[in-house]
Amino acid sequence: MAKKRPRESPRQNPPVKVFIMDVTVAEYIRRTVLRIPRSETRTMLTRWKFLSDSQLQSLNTNQKKEDISREVVELCQENCATITHAADLDMIYSYTYRDKMLWDVYQMIREEGDENDFFDLANFTKKFEESLRSSFKNVTITFKEFEDNSIWIRVAWGAQYRKPNQYKPSYVVYHSQTPYVFICKSINKSSMPLLFQALLVAANYSDIHEMDLRSRCLDSLKDIVFKRCSKSFPTHHLQPLQEKNSNLENVDPRIIREDKHEKERIQRIDRETFGDGPQPKLEFAQYRLKTTFRGDLINDILPNIEPFRCTVKFSSPHLLEALRSLAPAGIADAPLSPLLTCITQKARNHFNIREREGAHSKNSPGQGRIYK
Amino acid sequence: MGENRASLQKGVLSHLEQLEAAAHEVALKRGELKAQEEDTARMKRRIKELRRQRDALRTKLDLCRSQLIGGKNTTNVDSGTTEAGQQALLEWKTETLKGLLQVFHLTGLSGKLTQRGACFCFSTAFENTYLDSYYLDLLIKQPVQILRHSVPPFIPLEQIAHKYLQTDIKRFLTVLSGHLNALAGRKFQVDQLQENYAAFLDGGLQGNSLCNLLEFSYRLARDSEAFPFVARLTYANLVSTLPTEATISCKEDAPAFLAELTAAHEALFREKPLHRVFSAITASTDSPSQSLSRESPLISSTSLSSEGHDGRHPPEAAAK
């Protein structure tokens, strides 16, 4: 009854027997299929390439999702699916719905030297797996390269005498030869150092640190750290910027817009700080303040004032676009504070603001320093 | 009368002398008077002339004012010819300058002064195709700093900056431009290969972001079952669009005559861009009529730029 598997998977090394499908695998596939929207089921299963064309043809996607998932599990049973295949499907789902996860950006640092880096995917995966397995045997590691040249790594962590938990895996997204790693953290925080170690070994770096840049939109994070934001750089070849809202100019000539110059100034400043293109999508920016109140009066009343601690969090479905529209809408003065506009340039949306050393004696307001 | 008498006493000749002297004096005075008259006349003429000029300027000014008020629909009447000439000269100058800028654009490197420094634009190209542009905003003061840039993260910008930025900005720019051009060129080759020769490749190309390592399996004919050749190209020189090392291996089950081709292929890969190699090796095995009908646009493009594999890379040349 069992068909020959249509797909070779050379990097798999499943601890599970091939002939009888593991119960957890079956359940995992069932649940993964349940997560896929009905309209997407067929395309995603086609992308999976695990089921044969005839199997896909026979699949009825117009029935209840419960039934679809059961049918898919039966087909997988025929093809002797292993956890690697199940993880593969999960990766396709996660890649498609990558904006459902919260991504953290990490930066790796390399010591001097190693200029010629011939990145080889096979070598990378081998090193990663070796490193991780050397310290933690009980893991499921799956790799997949997607069409945007990103390498996805899925790690499901196990525990002592317990199988890896497929439902809470860590996802790592890496682009070869870049120092940046995008990680969707698993619940299992203690496993992070192992993950970092494996990444450093595989990508040949010596240290890794968090960049304080977080968002749900993975592609925007990539745009920010890979400097792909369409910032307007001044050149001689730029097309003259087209005037927006030019239809307003042709109204009654007796109407004079008194704030025309001010409006133009705001628009210009806005364009200089944010550029013309669409902004990368971030959901929030957080500022942790630890500063003292300043001013003569306060100093007289409270000579030894404790620093004032608070956290300011800006959130919006599209934070940077929201910030960009603040000044033109007349809600804030232009230019905005550099603390708000430096997000893409500094590639971080978490800031700690502390007192500048010795600033309290100078008594000058607005002097703060951004620390890590 | 007494005088006359005295002169008579002294003699007629001396009297005549006196008369002569008086006549001379009178003539001098007359001459002076005449000169004065002439002077005043000239002055008057000059005044008239100046008045005329003043009036002309006044009318011109009025005309200009009325033009400014009245709008741009009236044209200059009296001194239009000289102004039109000036205008034409200015236009010509701007055109020349624009042309010069265009020429700089063609070199792949152009810059614009900004408030704090300069913003450079690297326009990359390979053969006859313009590719991506990258930007670099520099703060020009000691020490020179990179304010912002759009250079991809896998270009070793920091290392290049560390080497040259403080000592030799020109060198820094040419080296960076070389890296960017080579990257764009390698990417372009890969894209061309995947676009035009997908039928000869087994799946995709295995590569990396810098495109300095490429691995793929290929075949020479569309109808053959297997992909007997495995290529591994390494580009150790990051400012070059050609591989420094090309290793072609033949799968064990492949026929012997194919195995003999590997050395020739290796040489080709080292000398020519990827898509040129494929146009050469696949065309040589296909019958000419087939390849013509199938890939006529490709063949025309080969013949167009067959004189050199790298049509334009001035920064590289300058760097060397």
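In the predicted model, helix H7 of chain A (residues 192–203) has 12 residues and reaches 16 Å from its first C-alpha to its last, close to the 16 Å expected at 1.5 Å a residue (1.5 Å times one less than the number of residues). Helices are DSSP runs of H or I with at least four residues, and strands are E runs of at least two, numbered from the N terminus. Residues are numbered from 1 along each chain as its sequence is written, and chains are lettered from A in the order in which they are written. Local features need pLDDT of at least 70 and side-chain atom pairs count only at pLDDT 80 or more, whereas totals for chains, interfaces and linings use all residues.

The buried residues of H7(A) are Leu194(A), Leu195(A), Ala198(A), Leu199(A), Leu200(A), Ala202(A) and Ala203(A) (buried: 20 or more other C-beta atoms within 10 Å of the residue's own, C-beta atoms being placed from the backbone). Their cover includes helix H6 (121–135) and strand E6 (207–215) of chain A; contact requires C-beta atoms, placed from the backbone, within 7 Å. Asn204(A), with a positive phi near 65°, follows H7(A).

Elsewhere in chain A, the axes of H1 (residues 23–35) and H5 (residues 83–96) come within 9 Å and cross at roughly 15° (axes are lines fitted to C-alpha atoms over the stretch in contact, with angles from 0 to 180 degrees between N-to-C directions). H1(A) is therefore roughly parallel to H5(A), a term for angles under 35 degrees. Among the residues that meet are Tyr28(A) and Ile29(A) of H1(A) and Leu89(A) and Tyr93(A) of H5(A).

The contact between the chains takes 26 residues from chain B and 23 residues from chain A.

Key
Parallel < 35°, antiparallel > 145°, perpendicular 65-115°, else oblique. Contact = placed C-beta atoms within 7 Å. Buried ≥ 20, exposed ≤ 12 C-beta atoms within 10 Å, placed from the backbone.
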